[in-house]
Amino acid sequence: MIKVGQTAPDFAAPCIRDDEGDLLELFAQLRSHTAVVLAVAPGAFVPPCTAELVAVQTAWRDRSELAVIGLFGDGLYSLRAYAREYGLEYPLVSDFHGSVADSYGLRAKEWDGHSQIPRRATVVIDDDWTVRAVETAPPLATEAPAPAARVTDALEACGLAVPPPTVRYDAVP
């Protein structure tokens, strides 16, 4: 697994952005933002992951200096339906074969009958490509604080004073 202080691997991968298929390039996100939060989930529609991703959007929506990227083991059609269902406005990357997750050491061998998919994690990368935080959790864990809520200190170290997302696991079906 990638460690704090290491250089983040670059990637380009298909994503859903603004309800359309697109290509997300990490270098472009880092060039135009102070920090990037990579919110990794094994798949769309996993309730605890969804609760966290919705909370991240609510807490950090209006932060133009912060890029949030969702990374999933699903295809683009599923991610489009997911973004529509939950009103997610940040890019959702399809890592269907787990290559991006693998480059970060975050690929699970197996989960719930699926193989070679991303593990649940939150990674903070600063604009110098340095990994500032890596927080993981089991896919269905609902203990607080969630991985994204545990990275606010790392974001503050990047110069971003953001509130921790308030994750309500009981609010997502």
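Let's start with two strands, β3 and β4. Strand β3 covers residues 35-41, and strand β4 covers residues 66-72. They pair in the parallel sense, over 7 bridges. Here is one of those contacts to find on screen: V40 has L71 as its bridge partner in β4. Keep in mind that this is a predicted model.

A quick reminder on pairing. Strands of a sheet pair through backbone hydrogen bonds, either parallel or antiparallel.

Now zoom out. Which sheet do these strands belong to? It is an open sheet of 7 strands. Read across, the order is β2-β1-β5-β4-β3-β8-β9. The pairing is mixed. Look at the edges next. They are β2, residues 20-25, and β9, residues 131-136. Each edge strand pairs on one side only. From one strand to the next, the twist averages 25°.

Next, the helices. Helix α2 runs over residues 47-60 and packs on the sheet. It touches β3, β4 and β8, where β8 is residues 121-126. The direction of α2 makes about 165° with that of β4. Helix α3, residues 76-86, packs on the sheet as well. Its strand contacts are β1 (12-17), β2, β4 and β5 (92-94). Against β5, the direction of α3 makes about 160°. Notice that β4 is on both contact lists, the one for α2 and the one for α3.

On to empty space. How do we find it? Rolling a probe the size of a water molecule over the atoms shows where empty space is left.

Take the largest pocket. It holds about 240 Å³ of space. Its lining has 14 residues, and the closest to the pocket centre are W60, R61, L66, V68 and Y90. Which elements give two or more residues to this lining? Those are α2 and β4. By class, the pocket lining divides into 7 nonpolar, 4 polar and 3 charged residues.

Last stop, the cavity. How many cavities of 30 Å³ or more are there? The count comes to 1. The largest cavity has a volume of about 60 Å³. What lines it? From the sequence, A39, V40, A41, C49, E52, L53, R120, A121 and T122.

Methods. Residues are numbered from 1 along each chain as its sequence is written. This is a predicted model: local features need pLDDT of at least 70, side-chain atom pairs count only at pLDDT 80 or more; totals for chains, interfaces and linings use all residues. Side-chain values use heavy atoms; hydrogens and water are left out. Two strands pair if DSSP finds at least two bridges between them. Helices (H or I, at least four residues) and strands (E, at least two) are DSSP runs, numbered from the N terminus. Axes are lines fitted to C-alpha atoms, for helices over the stretch in contact, and angles run from 0 to 180 degrees between N-to-C directions. Contact means heavy atoms within 4.5 Å. On a 1 Å grid over the protein atoms alone, a cavity is a set of points where a 1.4 Å probe fits but cannot get out, and a pocket is an open set with protein on both sides within 12 Å along at least five of seven lines; lining residues have an atom within 4 Å of a point. Grid points are joined across faces, edges and corners, and a volume is the space filled by probe spheres set on the points. Ala, Val, Leu, Ile, Met, Phe, Trp, Tyr, Cys and Pro count as nonpolar, Asp, Glu, Lys and Arg as charged, and the others, Gly among them, as polar.
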